[in-house]
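Please keep the structure open as you read.

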Amino acid sequence: MKLDVQTLDAKKAGSVDLDDAIFGIKEVRGDILQRMVKYQLAKRRAGTHKTQSRGEVSVTHSKLYKQKGTGGARHGSKNAPIFRGGGHAHNRLPRDYTHDLTKKFRALALRHALSSKVNSGDLVVIDTIAVKEPKTAALKKQLAALKLEKALIIGGAEVDQNFARAAANIPHVDVLPNAGLNVYDILRADKLVLTQDAVNAIHERFKKTEAKGAAA
């Protein structure tokens with residue numbers, strides 16, 4: 001599969017060959033993407049939530065008043081859940097939300113995410129994102145010419161610092177190195193922008209994965 005390569009000035013700069021096994025999946029499976037997104041978001045959860053049980057609240061544990069003769073309901077201590085300031089009946093405890101997905105499954109999910117952007121026409125390949133000065137206004141005009149409003153930009157092994165500084169002030173534009181490529185951010189963005197270095201790195205990444213799989 002061939003795709004046109006553009007410059008930051010929205011001019012054509014040749015074409016690039018995309019591996020159909022990575023970018024050319026026609027039937028993108030939503031269940032695979034859903035499981036991968038759930039996996040990523042679960043890893044982000046701190047899981048530090050905690051509420052107090054009856055035995056942990058700072059109130060007296062003595063009986064409120066005598067059992068009979070008050071004309072009211074019978075009660076024990078004030079730490080009961082029915083009282084304001086009492087403990088929770090089923091209090092929340094800290095927990096770890098992370099769960100496992102195999103490396104093969106995560107690689108498959110990334111293939112489906114990349115293919116989904118190709119299928120919808122939302123993949124853009126740029127020769128390079130290096131700029132001379134970190135000027136937000138100038139970069140904003142260039143991105144507007146490329147019709148990139150809500151975009152994830154993968155800028156190679158290391159992101160050009162001037163470009164990163166200029167893009168930092170533009171809403172809905174995220175810039176990541178090759179190592180930051182992930183399914184959740186791909187799906188969250190309207191457009192996925194890859195530099196030629198990023199495309200080469202993706203191809204190389206899957207070649208290594210396939211080689212390891214064959215060796216195993």
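Ala 10 counts as partly exposed, at 32% relative accessibility; here buried means under 20% relative accessible area, exposed over 50%, and partly exposed in between, with a 1.4 Å probe and protein chains only. You will find Ala 10 in the loop between S1 and S2, where helices (H or I, at least four residues) and strands (E, at least two) are DSSP runs numbered from the N terminus. The phi of Ala 10 is near 65 degrees, a positive value in a residue other than glycine.

A word on what you are looking at: this is a predicted model, in which local features need pLDDT of at least 70 and side-chain atom pairs count only at pLDDT 80 or more, while totals for chains, interfaces and linings use all residues. Residues are numbered from 1 along each chain as its sequence is written, and side-chain values use heavy atoms, with hydrogens and water left out.

Lys 147 also has a positive phi, about 60 degrees, although it is not a glycine. Lys 147 sits in the loop between helix H4 (136-145) and S4, and it counts as exposed at 66% relative accessibility. Asn 169 is exposed, with a relative accessible area of 59%. Its C-alpha atom is separated by 9.8 Å from that of Lys 135, a residue 34 places away along the chain.

Now to the sheet. In what order do the 6 strands of the open sheet run? The order is S2-S1-S3-S6-S4-S5, with mixed pairing; two strands pair if DSSP finds at least two bridges between them. Strand S2 (12-17) and strand S5 (173-176) are the edge strands, each pairing on one side only. Neighbouring strands of this sheet are turned by 30 degrees against each other on average, direction ignored; the axes behind this value are lines fitted to C-alpha atoms, for helices over the stretch in contact, and angles run from 0 to 180 degrees between N-to-C directions.

Let us follow the sheet from S1. Strand S1 (residues 2-6) pairs with S3 in the parallel sense over 2 bridges. Val 5 belongs to strand S1 and is buried, with a relative accessible area of 0%. Leaving aside neighbours within four places in sequence, its contacts (heavy atoms within 4.5 Å) include Lys 11, Val 16, Val 125, Asp 127 and Gln 196. Val 5 and Val 16 are 11 residues apart in sequence and 6.5 Å apart in space, C-alpha to C-alpha.

Next comes S3 itself. In a regular strand the side chains alternate between the two faces of the sheet. Strand S3 (residues 123-126) is covered on both faces: Leu 123 and Val 125 on one side are buried, as are Val 124 and Ile 126 on the other. On to S6: strand S6 (residues 191-195) runs parallel to S3, and 4 bridges join them. Val 124 stands opposite Val 193 in S6. S6 is largely enclosed by the rest of the structure, because 4 of its 5 residues are buried. S4 pairs with S6 in the parallel sense, over 4 bridges, with Leu 152 opposite Leu 192 in S6.

Leu 192 leads us to the packing. In soluble globular proteins, nonpolar side chains tend to be buried together. A nonpolar core here is a set of buried Ala, Val, Leu, Ile, Met, Phe, Trp, Tyr and Cys residues joined through side-chain atoms within 4.5 Å. The largest such core has 32 residues, and Phe 23, Leu 114, Val 183, Ile 186, Leu 192, Leu 194 and Ile 202 touch the most other members. Among the elements that give two or more residues to this core are helix H2 (30-44), helix H3 (103-119), strand S4 (151-154) and helix H7 (196-215). H3 gives the most, with 7 residues. A second, separate core of 18 residues includes Val 124, Leu 139, Leu 143 and Ala 151.

Last, take a look at Tyr 97. Arg 45 lies over the face of Tyr 97, at 3.5 Å from the ring centre, and Arg 95 lies over the face of Tyr 97 at 3.9 Å from the ring centre. A charge sits over a ring if NZ of Lys or CZ of Arg is within 6 Å of the ring centre and within 35 degrees of the ring normal.
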